[in-house]
Amino acid sequence: MTEPLLHLSGVHTHIGPYHILHGVDFAVPAGELTMLLGRNGAGKTTTLRTIMGLWQASSGRIRFDGSDITTRSTPDIARSGIAYVPEAMGIFTDLTVRENIVLAARSGPVDRNRLDWILGLFPALKRFWNLPAGNLSGGQKQMLAIARAIAEPRRLLLIDEPTKGLAPVMVRSMIEAFRALKASGETILLVEQNFYAASALGDHVVVMDDGRIVHSGAMSDLVADKTMQQRLLGLSLDAHQ
Amino acid sequence: MSSSSALPLAFDETRRRGGILTSLLSSDLPRSRALSVILFSIFALLAATPFLFSGSQPVGTAAKICVFIVLVASYDLLLGYSGIVSFAHTMFFGIGGYGIAIALERVSPTWGSVAIGSAAALGLSAVLAIAIGLLSLRVRAIFFSMITLAVATAAAVLASQLSEITGGEDGLSFQLPPALRPAFRVFSEPVFGTMINGRLLAYYLVFAVSLVVFLALLRIVNSPFGRVLQAIRENEFRAEALGYRVVAYRTAASVISALAATIAGALMALWLRYNGPDTTLSFSIMIDILLMVVIGGMGTMYGAVIGAALFVLAQSYLQVLMGAGSAALAGIPLLPNLIHPDRWLLWLGALFIISVYAFPGGIVGRLRQGKP
Amino acid sequence: QDIKIALIAGKTGPLEAYAKQTEAGFMMGLEYLTKGTMAINGRKINVIVKDDQLKADLAKTLLEQAYNDDNVDLAVGTTSSAAALAMLPVAEENGKVLIVEPAVADAITGEKWNRFIFRTSRNSTQDAYGTAAAVPASGEVSIATLAQDYAFGKDGVAALKNALAEIRPNAKVVFEEYAPQNATDFTASAQRIFDALKDKPGKKIINIIWAGQHPLPKIADLKPERFGIEIAPGGNILPAMQIYKNYPGMEGAIYYYHAFPKNPMNDWLVAEHQKRFNAPPDFFTAGGFAAASAAVTAIQKAGGTDTEKLITAMEGMTFETPKGPMTFRKEDHQAMQEMYHFKVKANGKDANDLLDLVATIPADKMPIPVRNKR
Amino acid sequence: MSDMAAPSTAPAELPRAKTDWLPLLLVPALGLLALPFVGSPSTWVTLTVAGLAMGMMIFLMASGLTLVFGLMDIINFGHGVFISLGAYATLLVLGPLAGWALEDSIGLNLALLGLCILVAMGVTALAGAVFERVIVRPVYGSHLKQILVTMGGLIVTEQLIHAIWGASPIPIPLPQSLRGAFVFGDIVMERYRVVAVVIGLAVFIGMQLLLNRTRIGLLIRAGVENPEMVEALGYRIRRLFVSVFIAGSALAGLGGVMWAFYRQTLTAGMGMEVMVLVFIVIIIGGLGSVGGCFVGSILVALVANYVGFIEPKLALISNILVMALVLIWRPQGLFPVARR
Amino acid sequence: MTASTTTTPALETRGLTIRFGGHVAVNDVSCRFTPGTLTSIVGPNGAGKTTYFNLISGQLRATSGTVIVGGEDITGLAPSARTKRGLGRAFQLTNLFPQLTALENVRLAVQSRADAGWSLLKVWNTRRDLVEQAEAVLERVRLADKRHIAPKALSHGDQRKLEVALLIAMEPKVFMFDEPTAGMSVDEVPTVLELINDIRKRGDATVLLVEHKMDVVRSLSDRIIVLHNGALVADGDPAEVIASPVVQEAYLGVEVARD
Ligand SMILES: Nc1ncnc2c1ncn2[C@@H]1O[C@H](COP(=O)(O)OP(=O)(O)OP(=O)(O)O)[C@@H](O)[C@H]1O
Ligand SMILES: Nc1ncnc2c1ncn2[C@@H]1O[C@H](COP(=O)(O)OP(=O)(O)OP(=O)(O)O)[C@@H](O)[C@H]1O
Ligand SMILES: [Mg+2]
Ligand SMILES: [Mg+2]
C-alpha cells in the first residue's frame with residue numbers, strides 16, 4: 001500500500017490554556033477526496049489550522065508527502081503544495097477580486113485556460129473583477145475564496161465549509177468543480193456541514209467529536225448506515241434534503 | 001480567557017452588591033491580592049505623605065501623582081474603555097491650568113477666582129469636546145487621532161500667540177488664595193512634627209478632589225454607559241445595530257474625559273502656582289500619559305493609579321538615582337558615563353520600550369492573571 | 001560651614017549645549033576667583049547642580065527644594081526664560097538671592113522683578129541696543145526685521161525700534177516680517193522683505209532676530225545684494241555662527257566673542273578653556289563665569305551669606321568678568337555691561353576664528369531704561 | 001498590473017476604475033489661484049519653483065513613512081530620528097572628504113553628495129533593521145504600543161546621537177557648486193533645490209514602478225489585513241515586512257541627507273521637527289499612496305509659500321488648513337490605497 | 001388594536017433602490033410585510049438579499065425609495081434609531097463583540113432594549129433583571145454553558161448561534177434573519193428553526209428570513225419572495241414560488257422542461 005499524502009498521528013493542539021485536539025489520527029489518501037465531519041465545536045477547523053501550521057501541534061506528527069511538516073512555518077507548508085480555504089474565507093477586502101487572485105497565483109500569471117474555467121464556474125467573479133472584494137455578497141466571497149485556492153494546481157486542498165451561504169445552484173457547480181479537481185489528480189480534505197454535498201463527493205469520511213476522531217472509513221458505508229449517521233452526526237441523511 | 005487578551009474585562013455576574021467599599025469602588029474590586037495591597041499602599045502613602053516625609057520634594061511628587069492619576073484615568077476612559085485615540089487630551093489639561101492661572105493672576109487671588117476660573121475652563125472644555133466629537137468622531141480612527149493632533153498643535157500655538165492673556169511661552173506665575181499660601185498657619189504648633197500650613201491644605205485639597213474624581217470615573221466605567229463604551233470599542237458597527245447611537249456615546253465619553261482632565265489641569269496649576277505651555281500643553285506630556293495608561297493596564301482604571309504613581313516616581317527620582325549610581329561606579333570605564341544623570345532620557349526611552357514589553361496587558365493585567 | 005550654591009540649568013533637552021557652557025563657565029569662574037581653593041574666607045563652596053529640563057514647573061520645584069531641602073545660600077539659573085520667570089516668586093517667598101543667568105527676558109528685571117533677583121546675563125533690551133549701536137550713526141538707514149512670530153520675536157523687534165529711536169534716530173524700521181517659529185522655508189519671507197526694501201533710499205539692512213535654527217543662509221542664498229541689501233545677523237553661539245563664514249563682511253552686535261575682550265580674566269579663560277575642552281569659550285561660558293564672579297564678589301563684600309547683607313552688597317556692586325567689569329544697577333539689579341560690534345571675517349584660520357571687532361560698545365552708550373515697578 | 005491579463009471574455013458591465021486626475025489638477029489650479037494674489041509674476045515664479053522643490057524635499061522625508069505607516073500600518077514615531085541619523089551619517093563622509101565640498105567642481109560635489117546619500121542610506125537601513133527587530137516586531141498590530149515603543153526608540157536613538165556626536169549643533173558645508181542661486185531677471189532659483197527636484201523625482205518614479213509593477217504593494221496591504229492568510233498562500237510576510245521597514249528607514253536616511261544640506265546645521269531633533277508635517281502629508285495623500293504623498297508634499301509646500309507671502313499670519317496654520325480642506329473634500333485623502 | 005395591526009403592515013418598502021456605480025444591487029423593490037407572518041427571501045448569490053436588509057436596517061442609504069415601519073417613514077434615520085423603532089437584524093457574516101463574553105454580548109442587546117444605556121451613575125450589576133434575561137436567551141440557543149467564553153474563542157457554529165441570540169434578545173417587532181443556519185451542524189439546525197417558529201407563532205412579530213436551505217424555507221414560510229439581480233421577480237405562496245421556473249432555473253439550478 002502506498003503512503004497516504006497526508007498523515008496525522010496523535011496530534012494534540014492547545015490554544016492558550018485550552019486543550020482542543022486530543023490525539024487526532026487520520027490519513028488522507030492521495031488523489032481522493034476525504035470528508036471531515038462533526039458537530040459544531042468538534043475541532044474540525046482546529047485540525048485544518050494545525051495542519052497549515054497556523055496553530056502549532058503541541059505533540060504528535062503531521063506528515064505530508066513523505067516529509068514531516070509538524071514544525072514547519074505556514075509559508076513553507078503552503079509552498080510544499082497545500083492550499084487552504086479558511087472558514088472565515090480570509091478575503092482581502094481592500095484588494096479587488098483580481099488582486100486577490102493575483103496573489104493566490106504565487107508562481108506568476110494565472111494560466112489563461114484555468115482562469116477561464118474558474119470564472120466559468122463562478123461567473124459573478126468575472127462580473128465584479130475590479131470591485132474591492134469587501135463589497136462582494138457573502139456567497140460571492142465564498143466563491144472567491146475557493147477560486148483563490150484553485151487558481152494554481154496544488155497537491156492538497158484543505159477546504160473549510162465551502163458551501164455555507166451558497167445558493168443550491170452554486171453548491172452544484174462547486175461539487176462539479178471538486179469532481180473536476182479530483183479528476184485532475186488533486187487531493188482534497190473537505191470540512192462540510194452540508195451532508196448532501198458531503199455524501200455526493202466523499203470517497204472517505206472522518207468524523208470528529210470533542211477533539212478526537214470517532215469514526216473513519218469509506219463514505220459509502222456511512223451513507224448506507226442510518227443508525228451510524230444518527231449516532232455520529234445527530235441526524236440522519238434523510239432529514240436534510 | 002486566553003492569555004493573549006490584552007484587555008482583561010471585568011464581566012463577572014456573580015459579583016453581588018456588597019459593603020461600602022464595594023459600592024465606593026462600583027463593585028469593580030481589584031480582584032487580585034497583590035493589586036489590592038499595592039493600591040492600598042499607594043492610597044495610604046498619598047494620604048499621609050506630608051506627615052511621613054520631610055522636605056518639599058516628596059509632597060510635590062505626591063501632589064503630582066494625585067493629579068496624574070486623575071489625568072491618566074480620564075484618558076483611560078477614552079482610550080481603554082472607548083477605544084478613542086486622542087492627542088488633544090493635554091489641551092483640556094491645559095485649559096484647566098490656564099483657567100485657574102488666568103483667573104488668579106488677572107482677576108484676583110481669591111476663592112471666587114478659583115471658582116470662576118474652573119467654571120470657565122470646564123465650560124470651554126465641554127464645548128470644545130462636543131465640537132471635536134461631533135465633527136470628527138465619525139471619521140476613521142486614525143484620522144481622528146491626526147485631527148486631534150492638529151487641534152492640540154493649534155491650541156499650543158494659540159496659547160503662545162495670545163501672550164497678553166496666557167503669558168505666552170513664559171506662562172503665568174500667580175498667588176493662591178491666602179488660606180493656601182505657605183505663610184498661612186492653621187495651628188501655631190506643628191502636629192506630629194509637621195506644620196499645618198497653607199501648603200499642606202493645598203496638598204489635601206488636591207488629594208481630596210483627585211480621589212473624588214477618580215471614584216466618579218470608576219463609577220462611570222462600571223455603569224451601563226461604561227459597558228456600552230466598551231461594546232463600541234469592540235465593534236462599533238454592531239453597537240450601532242443594537243440600537244446604541246455610537247456618535248452620541250463617544251461624544252459623551254470625550255466630554256466626561258475632557259472635564260476630568262480639566263479638573264486635573266486646575267489642580268496642577270493650583271499646586272504649582274504656575275501654568276505654562278510646557279507644564280500642561282506639551283506633546284511630551286501626552287506621550288507620558290499614554291505610557292502611564294499602557295504600563296498600568298488599559299481599560300482597568302486601577303492601571304491609571306499604578307501607572308501614574310510609578311512613572312511620576314521614576315521621572316522624579318530617576319536622575320537622583322542615576323546620580324548616585326554613577327557616583328558609586330566612578331572609576332569603572334564607560335559605565336558611569338552611561339548612567340550619568342544627564343543621560344536620564346536614554347533610560348527613560350529604554351523604560352518606554354521595556355515596560356511595553358514586560359507588561360503587555362499592563363501591570364494590572366499581569367497581577368490579575370493568576371487570579372480570575 | 002560650607003557655602004552652598006545651587007546652579008539650575010536646562011541640562012537635558014534641546015538647549016543642552018547652552019547649559020553645559022553655563023555650568024563649565026560657572027565652575028571655572030569659581031576656580032579662578034578662589035585661586036583654585038574653592039573656598040571663600042575659609043568656607044568651602046559647595047555647588048549643587050540641578051537639571052530643570054527647560055521646564056518651568058520643574059525649575060520652580062527644584063528651586064524650592066534648593067532653598068528648603070538643600071538650604072542653599074543663593075541660587076543661580078536658568079537657561080530658559082520661561083523657567084527663570086517661574087523661579088522669581090520662589091526667591092521672594094524664601095527670601096533668598098537668585099542670580100539669573102543666562103535667561104534674557106526683559107520681564108525678569110522688569111515687571112516680574114523682586115528685590116531678591118539679580119541678573120548677570122544681558123537682557124533683550126541690551127541686545128537691541130547693541131544691535132542698534134552697530135548700525136551706522138549717520139546717513140539714512142532702512143531696516144527690515146525678520147523675527148519669529150511669538151512673544152520673543154515681537155518683543156525683540158519692539159526693543160530694537162525703541163533702541164534705534166533712542167540712539168540711532170537716522171535709522172528706521174520700515175518693515176517687520178514675522179515667520180512661524182519653526183519655519184524652514186524662507187523664500188516667501190525673503191521675497192516680502194526684498195519687495196519692501198529694494199526701493200528704499202540709503203543703506204538697507206535686514207535684521208534677523210531668531211532663536212534656534214538660523215535663517216541666515218536661506219536669505220543670503222537668495223542674493224539680497226542684487227538690491228543692495230545687507231544682512232545683520234545677531235550674535236550666537238559658535239557652532240551656530242560657523243555658517244556666517246560663507247558670508248564675510250556682515251556686521252552685527254554680539255554679547256561675547258572669545259577674541260574680543262582684552263583682560264587677564266578672559267585671557268585665562270580662553271587659554272584654560274582651550275586646554276581643557278579643545279575649543280575657545282563661548283557665549284554662555286562667559287555668562288556662567290560672570291555669575292560665579294558676581295556670587296564670589298558679593299559674598300566677599302558682604303562678609304558672609306546673610307541674604308540682606310548680600311542684597312545690600314550687591315546693589316550697585318561692580319565685579320570683574322571675562323567681558324570686563326559689570327555693575328548691578330541699583331534700581332533693577334540688571335548687570336550693565338559692554339557689547340561688541342563685529343564684522344564677519346573673510347578668512348579665519350580655523351573653524352572658530354570668525355569675527356573681527358569693529359568697536360566695543362561701552363555700557364554707558366546704551367541707556368537701558370529701568371522697567372521694574374519699584 | 002502586468003501580472004495577469006484580464007479574463008479573455010471581457011468582464012461585463014463594471015468598467016475599470018478610472019485614473020483619478022482631479023487631485024493632480026489641484027497643483028496647477030492652486031498655482032493659478034495664487035497668481036493674482038501674489039501680483040508680480042517674477043515673485044510668483046520664484047515662490048512656485050521654491051515651493052515645488054521644498055515639496056520634493058518633504059516628499060523624500062515622507063516617502064519612507066508612506067511605506068511604513070501608510071502601507072504597513074505601523075505608526076513609527078521613530079521615523080524622525082532616522083532622518084536625523086541619516087543627516088548625521090553625512091559626517092562620516094564629510095569628515096575624511098571635507099575637501100570635496102570646498103572644491104568648486106560640480107562633478108566632485110555631486111559625487112560627495114552621492115556618497116553621503118549612499119552611506120546615510122546604509123546606516124539608516126542598518127538602524128532600521130535593528131529597530132524593527134528589537135523594537136517594532138513585538139508590537140505589530142497595536143498602534144498604541146507602536147507609538148510608545150517607537151517613541152522610546154526615538155528618545156534612545158536621539159540620546160545616542162548626542163552621546164556619539166555631542167549635543168551642540170554641528171554646521172556642515174553645502175558643497176561649493178550647489179550654493180547660491182540661478183538668477184534670471186527677477187527670478188531666483190536656489191541651485192540646491194534643483195538637485196532636490198531631480199532626486200525627488202527619481203525616488204518617486206522608482207517607488208511607483210516597484211509598487212505598481214510588482215506584487216509587493218498588494219502583498220503588504222493584504223498582509224496588514226490578514227497576515228495569516230497571506231502566509232497560508234505561501235508568502236513569507238514577515239520577511240517582506242522587515243525589508244519594507246528597512247527600505248522605509250533607508251529612504252528616511254536619504255531624506256535626512258537632503259534635509260541636512262538644506263539646513264546646513266545638524267541637530268539631533270531636526271528630524272522630529274518635520275514629523276508633524278510628514279504625517280500631515282501622508283494623511284493628505286491618502287494612506288499608502290506614493291502618488292498621494294508626492295502631490296500632498298507639493299501642495300503643502302506651495303501653500304506654505306503662497307500663504308507665507310500673501311498673509312504670513314496664516315502661515316502658522318497653513319498645513320493644518322490644507323489638511324482640513326482636503327479631508328473635507330476627500331475624507332480618505334487624495335488617493336487612498338489602504339482603506340483603514 | 002388587532003384590526004389596525006392587520007391593516008397597517010409592520011414593514012413596507014416602496015420602490016427601494018440602491019446603485020453602486022453602474023450596478024443596481026436592489027432595484028425598485030416594493031413589498032409589505034404583515035405582522036404575524038414569516039416571509040422568506042430567496043435568490044441566487046448576489047441577488048441583493050443582504051443589501052435589501054442593509055437598506056431596511058439602515059446600514060446602507062437607499063439611492064431612492066422609502067422604508068416604512070409601523071406607518072412611519074424611517075428612510076432618513078440612522079441604524080440605531082431604526083433599531084429603537086423595532087427593527088432587529090442578525091448578520092450573515094457573524095458580527096459580534098469578539099472580546100466580550102457571550103453573556104455580555106447578549107446583555108448588551110437586552111440593555112439596549114431596556115433603554116438603560118445612558119445611566120452613568122449606577123453600577124451595571126444593580127440591574128439583575130437584565131442579566132437574568134440575557135441568561136434566559138442563552139439558555140434558549142443552547143449556549144448557556146459557554147456564557148463566559150468570548151466569541152473569538154467560539155467555534156463558527158456557536159458564533160452563529162450567538163448571532164441569533166442577540167437578535168432574539170432585542171425582541172424587535174421585525175426580525176430579519178440572514179442565513180441563520182449557515183455553518184451550523186445538522187443537529188443544531190432544529191434548535192434555531194424552533195426558535196424562529198416560536199417567534200412566528202407568537203403572532204405579533206414579523207419575520208424576514210434569508211435562507212439557502214430549501215427544506216427550511218419550505219417548512220417555515222408563510223410566503224416567499226424572490227430577488228433576482230436586485231429585482232423582486234416572484235412573490236407568493238411557498239409551494240407555488242418554489243415550483244416557478246425562475247426559482248427552479250436560476251436558483252435551484254434544475255433544468256426545466258427541455259423540449
Ligand atoms: N481562539 C480560540 N481560543 C480558545 N478556544 C478556541 C479558539 N478557537 C476555537 N476554540 C475552541 O475549540 C473548539 C473547537 O473549535 P473548532 O473551531 O475547531 O470547531 P469546529 O469543529 O470547526 O466547529 P464549527 O463546525 O462550529 O466550525 C471549540 O470548543 C472552540 O470553543
Ligand atoms: N459597495 C458595493 N459596491 C458595488 N457592488 C456592491 C456593493 N455592495 C454589494 N454589491 C453588489 O451587490 C450585489 C448584492 O449583494 P448582496 O450581498 O445583497 O447579495 P445577497 O443576495 O445577499 O447574496 P448572498 O446570498 O451571496 O449573500 C452583489 O453582486 C454585490 O457584489
Ligand atoms: Mg469550524
Ligand atoms: Mg447575503
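Arg193(D) is buried, with a relative accessible area of 4%. In this predicted model, its salt-bridge partner is Glu190(D), and the closest N and O atoms are 3.1 Å apart. Glu190(D) is buried as well, at 6% relative accessible area. Both values fall under the 20% cut-off, so both residues count as buried.

In chain E, salt bridges that share partners build one network. Its members are Arg142(E), Lys146(E), Asp158(E), Lys161(E) and Glu188(E).

**Salt bridges across the model**

Over all chains, the count comes to 56 salt bridges. One of them joins the side chains of Arg114(A) and Glu186(A), at 3.4 Å from N to O. This pair links distant parts of the chain, 72 residues apart. Arg114(A) sits in helix α4 (residues 112-121) of chain A. Glu186(A) sits in the loop between α7 (168-183) and β8 (187-191) of that chain. Both residues are buried.

Chain C has a salt bridge between Arg115(C) and Glu308(C), with the closest N and O atoms 2.6 Å apart. Arg115(C) lies in the loop between β5 (97-100) and β6 (117-119) of chain C, and Glu308(C) lies in helix α11 (residues 307-314) of chain C, so the bridge ties together parts that are 193 residues apart in sequence.

| Arg193(D) | Glu190(D) | 3.1 Å |

**Where chain D meets chain C**

How many residues of chain D are in contact with chain C? The count is 32 residues of chain D, against 29 residues of chain C. The size of an interface is often given as the accessible area lost when the parts come together. Between chain D and chain C, the buried area is about 2,800 Å². Carbon and sulfur atoms give 54% of that area. On the chain D side, Pro171(D), Gln264(D) and Phe309(D) lose the most area to chain C. Together they make up 16% of what that side buries.

Several elements of chain D give two or more residues to the side that touches chain C, including α2 (41-71), β2 (181-184), β3 (187-190) and α9 (237-263). Also among them are α12 (290-310) and α13 (312-315). The largest share, 5 residues, comes from α2(D).

Glu234(B) is in helix α9 (residues 224-234) of chain B. With a relative accessible area of 14%, Glu234(B) is buried. Which residues of chain E does Glu234(B) touch? They are Phe97(E), Pro98(E), Gln99(E) and Leu100(E). The side chain of Glu234(B) reaches the backbone nitrogen of Gln99(E) at 2.5 Å.

Elsewhere on chain B, Phe184(B), Val186(B), Phe187(B) and Leu201(B) form a nonpolar patch on the surface. Together they have about 320 Å² of accessible area. Phe187(B) is in the loop between β1 (172-173) and α8 (198-221) of chain B. Its relative accessibility is 46%, so Phe187(B) counts as partly exposed.

Definitions and conventions. Residues numbered from 1 in each chain as written. Chains lettered and ligands numbered in written order. Predicted model: local features only at pLDDT ≥ 70, side-chain atom pairs only at ≥ 80, totals over all residues. Heavy atoms only, no water. Patch = residues over 30% accessible without salt bridge, like charges linked within 9 Å, V, L, I, M, F, W, Y side chains within 5 Å. Areas by Shrake-Rupley, 256 points an atom, 1.4 Å probe, with all protein chains shown as cover. Salt bridge = Lys/Arg side-chain N within 4 Å of Asp/Glu carboxyl O. Helix = DSSP H or I, 4+ residues; strand = E, 2+ residues; numbered from the N terminus. Buried < 20%, exposed > 50% of the residue type's maximum accessible area, 1.4 Å probe, protein only. Contact = heavy atoms within 4.5 Å. Buried area = accessible area lost by both parts, 1.4 Å probe. Polar contact = N/O pair within 3.5 Å; in protein donor to acceptor, adjacent residues only side chain to side chain. Lists of a residue's contacts leave out its neighbours within four places in sequence.
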